[in-house]
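Trainee: I want to learn how to read helix packing and sheets. Please take me through one case.

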Amino acid sequence: MTVILNQSFTGISIGAVLLLIALGLTLTFGQMGVINMAHGEFIMAGAYTTYVLQKSISSAGVSLLVALPVAFLVAGAMGVLLEWLLIRRLYTRPLDTLLVTWGVSLMLQQLARDIFGAPNVQTHAPDLLTGNISLGGGITLANSRLFILGLALLSVLALTLILKLTPLGRRIRAVVQNRDLAEVSGIATERVDRTTFFIGSGLAGVAGVALTLVGPIGPTMGTNYIVDAFLVVVVGGIGQLKGSVITAFALGVLQSVLEYSTTVSVAKVIVLVAIVAFLQWRPQGLYTLRTRSLA
Amino acid sequence: MTTTTTTSPAPPVALLERFRVPAGFALGAVLLLGVAPLALSDFRLSLLAKYLCYAIVAVGVSLAWGRGGLMVLGQGVFFGLGGYAMAMHLKLADAAATGQTLPDFMQLYGTGDTLPWWWEPFANPAFALAMTVLLPMAVAALLGFFVFQRRVKGAYFAILSQALAAALAIWLVGQQATTGGTNGLTDIQGFFGYSLDDPVNQRMVYFIIAAVLLLLMAAARQLFVSRYGELLIAVRDSEERVRFLGYNPANVKLVAYVIAAGMAGLAGALFVPAVGIISPALIGIVPSIGFVIGAAVGGRASLVGAVLGAIAVAWAQSTLSDAFPAAWTYLQGLLFVVAVGFLPGGLASLGIVLRKRRAGTGTGTRTTGETA
Amino acid sequence: MSGEGLTVRDLRVTFDGFKAVDGVDLDIRPGDLRFLIGPNGAGKTTLVDAVTGLVKSAGSVRFGGEELIGKPVHRIARMGIGRTFQTATVFEELTVLQNLDIAAGAGRGVWTMLRRRKGIPEAVTKALETTGLTELHDRPAGVLAHGQKQWLEIGMLLVQDVKLLLLDEPVAGMSHDEREATGALLQRVSEDHTVVVIEHDMDFMRSFARSVSVLHAGKVLSEGSVAEVQADPRVQEVYLGRASEPEPAPEPAAASVPVAEEA
């Protein structure tokens, strides 16, 4: 029982990481239909930002706190640049964005290799986040994972508030639900797209900061997460935050419980089969926008 | 069926049209089966054999992606299944030739001294050969059936294909005792009784690969011009419309996907004697996307374009990646961006694009992606 | 081949509690040229969607003695019901001939599918002539004029050997000449098919309809010949109430005002 609980907590923290990554994807994939493979490299950018900041700010705690907004801005700026240079030319061919952004991601990985070297680097976690909390009965929670969980939930909350309460959020939701109608209603969809891309990519940067707490930083660190994060969006349903939240945690827990009862590799296969089976039941994902359109 | 006079085009054009394709095919055959073996050293010819394996995958990619609009990003899975099926048989044959019951890596990492049950049938060459094609086709049929039947979106299909590639690669790595793990199946000595160390036999392998490529290109060409080929384009352009015509688009897509998988499997099987190895590194997400880039550069919807593109990219990769690894990665990334982003018809469409531009009508390349 | 009738009983379609089609009965006899008219949101397109299996519905739709509700889209299509959409959807990268050939071939065997097309099937030749597209048969459908695309779509239904054609606003966006040509085409087609047309254009309806059903708020408001429907005060109320003012007009319509004034 203790093992199962510990394993579930590990799963929840895996889910939190997936969620942080998938939040940005829900926006960009949901609003624009863009499959941005370079999202993984925005994670990497966030992680390296933390690394660089820690070199100049010696305090691990301060640098981590500074890194959160800075990584958001760095990754967000990269996202805007990508949107402006390439993606806006490809809105009529959403599937092709996958290959184009994959090319971008290859180049960004190489860029990271050229700047920081091919071997992985490491940051120091602040002392506060290195310990464990023991709940008794053999159940322990790692502080760093609790922090990531908190960060993910905070991001969900912030994003929900932005989408629900601000004029920008209303515009974003309008564009997600009916792009053409939004356009003729006087919404500058291009600007909304760019802002959405900024926020979505920025969240990847935040995810990168979080990942420095639980693993090494390397040029290909994003690739390891990107497909899983896309699966979260696929299962959760496009453009739906609550779908992503539920799915991220469900997949995280499923994966880590299965890993415990079988092996990592078998767990992956079972999760994939489960996803394909799930799509038989709900081909559009957990939550969908109901529309009458053919597409 | 009655023929009316309205279709008969002007005779000279018809003659040209009629002989263009067979002439091109004959030229390709002469180059691959005549000129290349004479002009190239053993080493270069074996490299070409490897590139041709990628070209065989590209034939299927051109059918499924170029014509059918299916973003097949998991071809590494089928390539790998074909490759492992072949390699398992060759490893068993190698072991049997030296009087062993187990392949060498199993003696090193294995837990017992008995062959896993699922290895046993691969000792039979006919079974193993059939599996190189049937196994990938079966997996594709299974995934394709569930995905296409429920009208899962094109983007979802692309992501699921990638996830499948990742899962298979991870699974292979995890089963070191029975699959060789990260190393894969290596050090293959013989090919159905012929030693692969002998350059003459290596040349034989090359000829087999070249012949298979030519045959598959001819078969794919027949599919392209058949009614099925027209229907496939129709499904790509407007799936819903095809459904209202009384077809089930899921089946149309499934056929293209399964054929492409079979071709990738065959390519993987031929890759093993040509290169002497099959490993998870050839299967995961990265190589799977790599299988598409050649077709994208050459022209996804053009059979010859896709094949030449695949050969060219493979050549560039093995020529540049050792000497200038960083430069190659940048170039590869740039290829994706430029070919897919700005020249969706690939190099095969360059002539048309330039002509249009000169005529002042803009680029006007039609989109070939499925908008699902 | 003389068309097949369609019998709709108590058809209901609900979107999240909104009753888009709310208990519709229709009897369309073989060889009819029926127009479905009604204000926006009356449920016309949804009704056609339900008949063709595109949306889930309750009630009964019988065609040729068989129940359609619950059958998948392509099965309904194979029974001989063809439809077009508001926006013409032809396969733009294929030629006119290829478009028609695909439409003609839903029942083809594997062997035929894997071979190249040799010659032109008779039905295709006939459809080319009926729609007046013979000269354009080897053009890519993407370069056709708007009206020609609609005719191609109708031609595609003809070669499918459908018995019932459901056309969603076939003349929307057409020039006057194109409308006349389309009307004439529909009359030719209805000689041996049953045709149902969703239409907003009242002039077009008056010139070519054989019978009319008026839908309003998911229900059938009125049914009959053009003259009968035009004389129905309920129709005038619905139509004029909406047409003369953006908001429902307070003043009741005078009985003598013809329906046609709205569009």
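Mentor: H6(C) and H7(C) are roughly parallel to each other, because of their packing angle; angles under 35 degrees count as roughly parallel, over 145 as roughly antiparallel, 65 to 115 as roughly perpendicular and the rest as oblique. This is a predicted model, where local features need pLDDT of at least 70, side-chain atom pairs count only at pLDDT 80 or more, and totals for chains, interfaces and linings use all residues. Residues are numbered from 1 along each chain as its sequence is written, with chains lettered from A and ligands numbered from 1 in the order in which they are written.

Trainee: At what angle do H6 and H7 of chain C pack?

Mentor: Axes are lines fitted to C-alpha atoms, for helices over the stretch in contact, and angles run from 0 to 180 degrees between N-to-C directions. Helices (H or I, at least four residues) and strands (E, at least two) are DSSP runs, numbered from the N terminus. Here helix H6 (residues 146–159) and helix H7 (residues 176–189) of chain C pack at about 10°, with axes 10 Å apart.

Trainee: Which residues make the contact?

Mentor: Contact requires C-beta atoms, placed from the backbone, within 7 Å. H6(C) gives C:Gly147, C:Gln150, C:Trp151, C:Ile154 and C:Leu158; H7(C) gives C:Glu178, C:Thr182, C:Leu185 and C:Val189.

Trainee: In what order do the strands of the open sheet in chain C run?

Mentor: Strands pair if DSSP finds at least two bridges between them. The order is E2-E1-E4-E5, with antiparallel pairing. Strand E2 (18–28) and strand E5 (66–67) of chain C are the edges. Strand E4 (residues 58–63) of chain C pairs with E5(C) over 2 bridges. C:Arg62 has C:Glu67 as its bridge partner in E5(C).

Conventions:
Two residues are in contact if their C-beta atoms, placed from the backbone, lie within 7 Å.
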